[in-house]
Amino acid sequence: MADRPAWRHVPSGVVFRVVPGGTFRMGLSDAELDAVRAIERADDADDDLEAFFAGADRARPVREVRVGPFLIARHPLTVAQARHWLPDYEDSFAESESSTARFEDDLDDLLGALPFRLPSEAEWEYAARAGTTTLTFRGDGKPDEGQVLDDFADEERTAAAENAFGLVAMGSANEICADVWIPHFMDAPVDARPRTGDGPRVVRGGGGDLYPWQGCDEWLLLLSATRDAFQDFTALRPVAPVPTSQGHAGRRGNT
């Protein structure tokens, strides 16, 4: 494991990283839109990106958001971790117990059993950006299929994929958030509270859900600002409060 502060939930094996509080610019910025246009102009896009630009308002307007410190899982729940709470869990999509678990009809059962909460959409994007303002934490280049991480058995590869907060696979699977889906950020709070209401929840990411890529600009799903409404299945990356008893992050504390 990389030399970063972490807590382990011993019963399930879920490892949490500490995300420090701060402020960030949430949403798809003009600079990011220009970066996507540059990719398109360089003929690196698979198709016409007119639909992407037409839907860009779903991640706008950009605004400054305050985020408090929190713990978030290093990666989405794996099949083995999901079975701690759902012993009968099965996933035909996953190739091994160390693969990302995806939930459909069993999502409500998991949420009822999980002792942790979902991240708000603001927390998720803040964690994905990890202090960056570019398309992904790696920069404004076009993401490729090699950046998808969906199995975490190989610790060397997993550690190499970490962002500055020690998190991996942000964007690989579509991950459910606590917010209800609203197709824009108008009147959204300036802190990290989730937006509530009726309807489907927000999901973030999804680049690995279409693997292997078919040349339909799946790379857009890896962008830090990509968002959509939950439809069929989702992964889940739990969040917990920073333990107050320790005062600061320990190397291998228990949640």
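This report describes the fold of one protein chain, moving from the overall form to single residues.

## The chain as a whole

The model is predicted, and its protein chain contains six helices and 10 strands. The radius of gyration is 17 Å, close to the 18 Å that the globule rule gives for 255 residues, so the chain is as compact as a globular protein of that length. Along its principal axes, the C-alpha trace spans about 50 × 40 × 40 Å.

Of the 255 residues in the chain, 51% are buried. Contacts also show how the chain is put together: among those between residues at least 6 apart in sequence, 76% join residues at least 24 apart.

## Surface and charge

The protein chain exposes about 11,700 Å², and carbon and sulfur atoms supply 48% of that area.

Strand β1, made of residues 6-9, is joined to strand β2, residues 14-19, by four bridges, and the two strands run antiparallel. Within this pairing, R8 stands opposite V15 in β2.

β1 and β2 form a hairpin with four residues between them, and in the turn G13 has a positive phi of about 85°. As background for the angles discussed further on, most residues other than glycine have a negative phi, and most peptide bonds are trans.

## A covered helix and the residue after it

Helix α5 covers residues 121-129, and nine of its nine residues are buried. Among these buried residues are W124 and Y126, together with charged residues including E121, E123, E125 and R129. In general, an α-helix has 3.6 residues a turn, so residues three or four places apart point the same way.

The helix is followed by A130, which has a positive phi of about 50° although it is not a glycine. A130 lies in the loop between α5 and α6, the latter being residues 155-160. Because its relative accessibility is 10%, and buried means under 20%, A130 counts as buried.

A169 is found in the loop between α6 and β6, and its phi is near 65°, a positive value in a residue other than glycine. With a relative accessibility of 9%, A169 falls under the 20% cut-off and therefore counts as buried.

## Strand β6 and its partner

Strand β6, which holds residues 175-180, is mostly covered, with five of its six residues buried. Three bridges join β6 to strand β7, residues 201-204, and these two strands run antiparallel. In this pairing, V180 stands opposite R201 in β7. As a general point about regular strands, the side chains alternate between the two faces of the sheet.

## Two cis peptide bonds

The peptide bond from R60 to P61 is cis, with omega near 5°. P61 has its place in the loop between α2, residues 50-54, and β4, residues 63-67.

A cis peptide bond also joins Y211 and P212, where omega is about -5°. P212 is placed in the loop between β7 and β8, the latter being residues 227-229.

Conventions:
Residues are numbered from 1 along each chain as its sequence is written. This is a predicted model: local features need pLDDT of at least 70, side-chain atom pairs count only at pLDDT 80 or more; totals for chains, interfaces and linings use all residues. Side-chain values use heavy atoms; hydrogens and water are left out. Buried means under 20% relative accessible area, exposed over 50%, partly exposed in between (1.4 Å probe, protein chains only). Two strands pair if DSSP finds at least two bridges between them. The radius of gyration is taken over C-alpha atoms; the globule rule is 2.2 Å times the number of residues to the power 0.38. Contact means heavy atoms within 4.5 Å. Accessible areas come from the Shrake-Rupley method with a 1.4 Å probe; for residues, only the protein chains shown count as cover.
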